[in-house]
Each structure stands twice: as structure tokens, then as C-alpha cells.
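Subject: Structure handover

Dear colleague,

I am passing on the structure that you will be working with, and below it I have written out what was found. Please keep the model open while you read.

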Amino acid sequence: MDKRITIALLLFLSVCCAKANTYSIKGKLISNKDIVDYASVILQKQDSSFVSGVTSDKNGQFIFENINNGDYKIVITSLGFDDKSINIKLLNNNIELGNISMESATHQLNEVVVSAAKVIRTSDKQVALPTKFQIKASTNGIDLLRAMQLSRLHINPIDNTISSSAQGEVQTRINGAKVDMQQIKALRPEEIQRIEYHDNPGMKYGQNVACVIDYITKRPVSGGTLSLESRHSPFDGWGEDQLSGSYNKGKSQIGVSVWQSYRNLHQWRDNTETFNYQDGSSFTRMENGQPDAFKMNYVYGNIYYNYKNGDKWYINTTLNLDYSKFKTNTSSTLFPINDRNNFVNMLDINSNNTTRPWLDIYFQRNFNKNSTLIFDVVGTYIRNDIQRNYTESKNTDIQTDINSTTKGNKHSIIAEAIYSIGLIKTGSLSFGLNGSQAYTSNDYTGTVNQTTNMHDGYARSFAEWKHNIGKFNYSFGAYFSYIWMLQGSNRLYQTEWYPKASMSYTINDKSYIKVSGERSYKTPSLSDISNVEQVIDSLQIRRGNPNLSVSHTWMTNLYYEWRNDIFNVNFNMNYLYQQNPVMEETLREGNKFIRTQQNQKSWQSLNPELGIEVGPLFKLFTFNITTGMNYYDSYGFNYHHYYTNWYYDVEAMMQYKNLTLLLKGKNHCNSFYGETMTSSESLMMAMARYKIKKMSLGLIIINPFSSRQSYNLPTINYNSFAPSHQTMHIRESARLIALTLNWDISFGRKYDGGHKLRNNEDKDSGAIKSGK
């Protein structure tokens, strides 16, 4: 017995001694004076056998703990840098390697190796590291994002828009600066080090933001880049072109981007409308459309200059210009449902020209790695020219003639200041102030003659605290806002506060759960609050309501994900409750039906969604499917509607060397608000693309199995006085074939530029809608 006790004691002491004689290895990765964050750091024995693997944090630091004495090798890889290997001998002491210098890669990018996952979850975001084959097969930043399959993100391959399963706006940024889709499309994949996906964005990003997608890149200090992208149909009037370029010298960078999109298509409308009069009589009218012109031309351009003084301060000035021109001709036959021969010919011609230049001046001062001050000022001018000509004629007799012209001007300025500070190692405080002033004037002439002048604005402040305790993270904060809207004798002054909070827990290296909630407010749009009437047709009038008030929304979100190297399964649920929402109201005045807006009782939505992502399999195939349900409860003073819609979105992609193949299919994902169901686009698409050095050629086929006569987008109104069922058709939405070309060149070395963290914008022209 004594012998057994002695052996056990010796074993226990040997384990304790072994445990006591372990050490740590620390270091920090830098490139010149900049940190190298989220690099892969692997600890190996001298025979290259694996010991441990970590990723450098946002400060470039890494640590290996509980390491036994011995001879080791540290292998460091990071996209955009040459691999680095360091031999060390660990002997009875902790090792502090200090600053480790990484050299920028000059010829070839090395594939990032990350232990167990290509996506790293930190306390406030996901860090997605692209692989070598993903970079090689992609042509721009949108392509690369699609290949990386980040959870809850959906990319429309036709217009390259990005949406999220979470509620709100999807912000895109480059090195912290908010940018548009055209600037993301101008990114060369080999310039992208990583994508930081903020799926639980803080309050400093603004209100109603679902997520932030931030591309972290390297920039040249000399030379520049030039890229061209073109997509055109050889058979139909559909095309897009983009030309982008930048030039760098020392601490300065200047760039320009021009993007044009045009459509020359054929559209028509089928519609059934029922009008129930106050005397109990009813009239149902049918509309059969014939294909007519749908024309659109959109041009966007910007020119920017930025200057960076080390890591201390950064200034960026951007001059932007939007110009859009839309024209639709809708030709139809109108007739009573019980007397088809008693018809009239309807012609509805609409045009809308908008010009919007804006200037953005941004300044950022970094006091240290935990303290940042930001100023941003944006000035915007919007000019609108909207025209509508509507006629109903019988033979040569014009029975209804409606003409309207709206000329609008809007001037606005937005200013903002934000300060962020890390008070403790695991916690940070952000607070800021911003304000807006806008002056809008709209002249309505034609059937209705009126002028409206509006002055609106807000003053807002916020504060938010973020803290992580091990695997548990939480944040809470609040906005305080003072709002005003002035139009004639109508005045709206209101003070609002709206809190936001979130909690998340990283269960292990494969699973994560998050719950968040916030309260927000929504002001009526300038068009809804205008004191103007617009005649729609012989029976209907659209009327603004200057007595509208602010509505409030409570939103909660539950999210869970499980992932490994190949599979990602995630569940997302959104619930929204809106009190006193501004929703439609239909009134009867004599033999006319008035379409207006009113603060109704409530609106609710519930959206559970399941996502499954697989791949890459054999470094070739990726597959993802998203399916869910939209449930709506719309409660007005004179109506109460329930609506449910099931939807799916499926995508499969193969990337082999320089070849990319993509298949995508989705059904209608419908929405319901007020008394109207609005359908989204149903889509089936196939794409093939081959990349040859700096150039790629491709082919796109949209809805190849749909008939050009049957493809449609329905809109249904369930009002008891004047219900309708409208279906819009665009002939070229089916069996559309387009050819694509991408080409880019670059010259110069690389360096990291300044990070712009805020950008503001004004798009609301304030003109009331005149058509159906």
C-alpha cells in the first residue's frame, strides 16, 4: 500500500512540475509603422509538426501559453505580406519577441491559413480571410464577397446590391470609409486583405443599420490603378459600364469613378380595380396593357482626394454627382368587367429627371490606438423635374386629361462629430453629436397648381458602452434627438430618445448566439406630409397629410450560428412592432376615392429564417440555401390584415482555376404594409466567367425558362372601398442574355491608407408621387 501511495505521489508531483515548467511566447506584428492584424501565426516543432495556432489581434499582438521547453519555429502568414519564419529556443523563460516586421508581398499573394475556420469571430465583428483560389477567381469586391458566403448576406447578381436578413441598411466601407456599390466593384480582389463583417454594428454607424461590411485593403504610395467593367445584352436594351482609376504619390491619393446604367425595355400593366360607392353600388374596371417603352439612364460619378499624415490624422474630400432619367409609357385598354366593348384607351406617360451633387469633407484624428475623434460635413443639392400626362379617350374623344409637372429644389447640410475612447482594456465608450438642416421647395403645375416650402431638421446625440468579459459581450446606449418639420402653418416639434442593447456569447469555437433590441423613431416622408393633391385618374386622387406625426418601432433579433470548415448553419429571427405607423388610408368623397396617409394603430412583422452554407468542397464548390417566413399584422383604424409568405433563395457556385460558374434561384419574397402586398422579384440565373490574366469574359442568362409574356410582379391592395390587383410585366426580364467584360491594370507599391469611419447622405427630394 505504501508503495502505491509513493508512486501516486511521484506521478502527481511530476505533473505539477511539468505544469509549472511551461512558458509563454509573445510578439507583435508590424509593417513599417502600421500593425498587421488578424494574421495566421503557427507554432511548430523543428520537424514542422503542429503545436499550436493563433491569430494576431486588432493590435497585431499574439501569444502562445503553456509551452514546454524545446526548439520551435513560428510561421506567420498574412494576405498581402511575404511569409515569415522565426526559429526560437525556449529554455526556462518566457520569450518576448517584441515587434516583428512583415514585408509587403511584391509578386505573389500567399493563401491565408487559419486554424479551424476561414471566418474569425471577435467580440464585435466577424473577420473573413479570403483564400487564394477565391481571390484568383474573383473579378471585384462584390465577386469576392459572394464567394466567401458570409451568413445572412444576400447578393443580387444582376444589380450587385447587397441585402441582409437582419432589419435595416447594409453599409459598405473601404478601410472604414462608407462607399457605394460602384466603389466596391472597382476594388481589385488581390488588394483585399480581409473583410470585417460587423453583424452587430454599434450606434456610431447610425440608426437602422443591419450590418457593416468593411473591406480592409492596401493602397499604393506611387503609381495607380485603372479598371473597366462592362455588361451588355447583344439583343436587348440592357447594359452597364464602369470606369475607375486612382493615382498615388507620397501621402496623397486622388481618384475618380464613373458608372452608367441604361435600360430600353418594354413594359405593360394589367390591373383590376373595384370601386364601392357610398350608396351601395359597385364598379369593377379591368385594365389590359400593351407593351410600351420603359427607358432609364443613370449616371454616377465622383472624384476624391485624401491625405494621410502617418496614423495621426486623415482628411478626405469627395465630390459626388448623381443623374437619373426615367421615362415610362403605359398603354392600356380600360373597360367595365361586365361590358368589355365599352372600353376607353388609356395612355399614362411618366418622366422623372433628378440631379444630385453633394460634397463630403471628412477629418479624423487618432490620439492613440484607443482614442479617435471624427468630424464629417456633407452639403447636398437635389433638383427634380417630374412630369405626367394621363389620358382616357374613346375614339378621338378625350374623356379624361390630366397633366402635372413638379419642379423641386432641396438644399441640405449634415454635420457630425464622434469621439471614441477605450476606457479599459475590454471596454470602450463612444459618444457623438450630429445635426441636419434642409430647405425644400416644390412647384406643382398643371391640373393642380400649388407651391410648397418645407424646413426640416434634427439635432441628435448618442452614447454607447461596449464591454466583453471572456466569451460574453454586451453593449448598451441611447440616442437623444430633437426633431422639427415646418410647412406653412403646420409645425412639428418633438423630442425623442431611443435605447439600444445587445448581448452575445461565444459558446465555443464553432457556435455563437446573440440577442439584441432597440427602439427607433421614423418621421413622415416629406412627400407624405406635403399639403398637396395629385389627380391619379378619373376616379382617384392622391393627397398629402400635413398632420402626420412621428411613429415608433421596437425591434428584437435572435441569432444563432454553428460553423466548421465546410458547414455553416444559422437561425435568424426578427420581430418588429411599430406604434402609430404612417400607413395608407382610403377615403370616399362623393364619387372620388382619396388615397392618403394616416397614423394608424400598429404594424407587426415576424421573420424566422434558416440558412445553410456548404463549402468550399474540394476547393471548388459552394452551396447555400436560405428559407424563411414573413408574417405581417397590419392594424389600421378601418382595417386589420394578416399576411404570410414563405420564401427561399438558393445559390450554387463552382470556382476552378480561372473559371467561375454560378446558378441562382429565388421565389417571390413579398412584403405587406398598410393594405398593400408588394412582391419582390422571382429569379433564376446562370452565369459563366473565365479570367485571363488581367481580363475576364463572361455570359449571363436571366430566367431562361420563363416566358417573356408571363413574367410578372404583382401588387395587391386589400382596401374595402377600392381594392385592386395590379401586375407589372417587363418583357426583357425573361430570357435575357448579357456578355460581361472586366479589365484592370495597376502599377506602384502598396501601403495602408487612412480609415474614414463615417459618411452621411441626403436622398429625399420631398416631391409627392403623382402616378398609380
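This is a predicted model: local features need pLDDT of at least 70, side-chain atom pairs count only at pLDDT 80 or more; totals for chains, interfaces and linings use all residues.

Residues are numbered from 1 along each chain as its sequence is written, and side-chain values use heavy atoms, with hydrogens and water left out.

Sheets and strands

β15 and β16 belong to an open sheet of 6 strands, whose order is β9-β10-β15-β16-β13-β14 and whose pairing is mixed. At the edges stand β9 (119-121) and β14 (177-179), and each has a single partner strand, so one side of each is left without a neighbour in the sheet. On average, neighbouring strands of this sheet are turned by 25° against each other, direction ignored, where axes are lines fitted to C-alpha atoms (for helices over the stretch in contact) and angles run from 0 to 180 degrees between N-to-C directions.

β33 and β34 form a hairpin with 3 residues between them.

Helix α3

Helix α3 (residues 141-148) is mostly covered, since 8 of its 8 residues are buried, where buried means under 20% relative accessible area, exposed means over 50%, and partly exposed lies in between (1.4 Å probe, protein chains only). Among these buried residues are D143 and R146. After the helix comes Q149, whose phi is positive, near 50°.

Cysteines

How many disulfides are there? The count comes to 0, a disulfide being a pair of cysteine sulfur atoms within 2.5 Å. C211 is in no disulfide, and the nearest cysteine sulfur, that of C669, is 16 Å away. C211 is buried, with a relative accessible area of 1%, whereas C669 counts as partly exposed at 29% relative accessibility.

Rings

The structure holds 21 aromatic pairs; rings of Phe, Tyr and Trp (its six-membered ring) pair if their centres lie within 6.5 Å, and planes under 30 degrees apart count as stacked, over 60 as edge-to-face and the rest as tilted. One of them is the stacked pair of Y474 and F476, at 6.3 Å centre to centre with 5° between the planes. Y474 is partly exposed at 22% relative accessible area, and F476 is partly exposed at 46%. Ring pairs also link F462, Y479, Y498 and Y521 into a cluster.

Finally, R152 lies over the face of Y559, at 4.0 Å from the ring centre, and the charged end of R460 sits over the ring of Y458, 4.2 Å from its centre. A charge sits over a ring if NZ of Lys or CZ of Arg is within 6 Å of the ring centre and within 35 degrees of the ring normal.

With best wishes

Conventions. Two strands pair if DSSP finds at least two bridges between them. Helices (H or I, at least four residues) and strands (E, at least two) are DSSP runs, numbered from the N terminus.
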